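Hi,

Here is the structure I promised to pass on.

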Amino acid sequence: MINPVYTADKGRYDSGMKYRRCGRSGIMLPELSLGLWQNFGDTAPLARSREMILHAFDRGICHFDLANNYGPSYGSAESTFGAIMDKDLKPYRDELFISTKAGYDMWPGPYGDHGSRKYLISSLDQSLKRMKVDYVDIFYSHRYDPDTPLEETMQALVDIVRSGKALYAGISNYPVEAAEYAYNYLRYHDTPCLLHQLKYSILHRVPENEGLLQQAKEAGSGFIAFSPLAQGLLTDRYLGGIPEDSRAARDFTLKRSSITAELMEKLKKLDEIASDRGQSLAQMALSWVLKDDLVTSVIVGASSISQLDDNLQAVQNTDFCEEEIKIINDLTI
Ligand SMILES: NC(=O)c1ccc[n+]([C@@H]2O[C@H](COP(=O)([O-])OP(=O)(O)OC[C@H]3O[C@@H](n4cnc5c(N)ncnc54)[C@H](OP(=O)(O)O)[C@@H]3O)[C@@H](O)[C@H]2O)c1
């Protein structure tokens with residue numbers, strides 16, 4: 001239990017967390033960041049969310065990843081974070097790297113979705129109020145919108161940074177060509193892209209297959225991976241069936257039907273490889289993403305302190321020998 005009056009652990013930067021430089025920038029990010037997409041909304045107990053966020057900070061996780069519509073319900077993960085910011089983390093604001101995003105559906109009507117200047121700027125204003133902060137450290141265009149001129153979306157990011165409401169700009173879920181345009185536009189307007197945020201895990205290889213990792217490096221941008229545990233598949237969560245309190249049981253963003261016998265067989269084999277490395281499956285999955293220095297950080301989700309603690313150990317062993325990589329590739333590609 002966390003004391004009602006929170007004081008951060010004095011050893012938070014000596015507890016084993018490592019930090020990596022984010023592209024060609026002055027920013028270092030922890031190898032492990034905490035994402036608030038699920039498990040931190042108004043359907044989750046606030047006390048548990050508080051405990052997890054403060055525990056993460058006490059273990060050197062200083063980057064928290066949010067978006068306008070994280071919850072459920074939409075906006076409520078930012079409100080949870082705001083409550084904790086207000087009560088506990090305010091004295092530590094300058095030690096925190098906080099992100100938010102806009103790009104997916106948020107409010108009804110034509111201005112609460114996609115990539116318009118109107119949506120991005122008004123959404124960030126709402127996010128700042130919910131999170132009870134004056135600025136975020138990075139604001140992302142959450143997805144590429146083929147129907148909005150990309151220069152409109154990019155100029156909105158530039159103007160947001162110039163307004164001081166965000167210190168850096170980022171993109172998420174951009175395909176190669178649009179990412180190239182974004183990197184160039186932002187650099188040309190003196191707001192170099194700090195991060196490209198994409199889904200990347202042992203089970204989801206698009207960033208390496210499509211050259212998005214290398215592209216980010218060449219553009220001087222960092223790369224941050226989301227869903228590195230494939231929403232929990234790459235953990236021991238489902239090795240014995242689908243637990244009632246799990247994400248797959250909710251059958252929404254992780255479908256029950258995706259957990260096939262064939263997948264289970266692969267996961268069990270991966271679990272054996274992890275055991276041989278002296279790691280849990282979750283630890284190996286995170287280490288696997290971090291083995292590559294093209295990756296700045298991985299954003300994990302968690303529904304308990306014990307999951308978080310398990311994941312924190314991953315940064316201790318991110319080296320893979322060629323034989324291990326080959327066995328994992330043969331199993332999963
Ligand atoms: N930019 C984007 O479009 C985008 C999209 C998705 C996510 N994201 C970001 O990435 C973050 C992470 O995404 P994610 O939640 O899908 O990540 P994930 O780390 O792949 O999955 C997290 C889930 O895995 C399970 N888990 C985590 N650690 C575990 C452990 N040690 N042992 C057993 N189970 C464990 C938990 O499932 P249970 O809840 O079932 O316990 C947890 O909720 C999000 O919060 C968000 O910040 C960004």
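Residues are numbered from 1 along each chain as its sequence is written. Please keep in mind that this is a predicted model, where local features need pLDDT of at least 70, side-chain atom pairs count only at pLDDT 80 or more, and totals for chains, interfaces and linings use all residues.

Now the ligand. A residue counts as near it if its C-beta atom, placed from the backbone, lies within 6 Å. The shell holds 31 residues, and Gly 35, Trp 37, Phe 226, Gly 232 and Gly 301 are the closest. Helix H11 (305-312) and strand E10 (297-300) each give at least two residues to that shell, with H11 making the largest contribution, three residues. By type, the shell has ten nonpolar residues, 16 polar and five charged. Here Ala, Val, Leu, Ile, Met, Phe, Trp, Tyr, Cys and Pro count as nonpolar, Asp, Glu, Lys and Arg as charged, and the others, Gly among them, as polar.

On to the fold. There are twelve helices and ten strands in the protein. Its radius of gyration (over C-alpha atoms) is 19 Å, close to the 20 Å from the globule rule (2.2 Å times the number of residues to the power 0.38) for 333 residues, so the protein is as compact as a globular protein of that length.

Eight of the strands close into a parallel barrel, in the order E3-E4-E5-E6-E7-E8-E9-E10. Two strands pair if DSSP finds at least two bridges between them. Strand E6 (residues 136-141) and strand E7 (residues 166-172) run parallel and share five bridges, and Val 136 sits opposite Ala 166 of E7. E7 is also joined to E8, again in parallel, by four bridges; one partner pair there is Ile 171 with His 196 of E8.

What about burial? A residue is buried if 20 or more other C-beta atoms lie within 10 Å of its own, exposed if 12 or fewer, and partly exposed in between, with C-beta atoms placed from the backbone. By that count, 47% of the 333 residues are buried. In strand E8 (residues 193-199), six of the seven residues are buried, so E8 is largely enclosed by the rest of the structure.

Cheers
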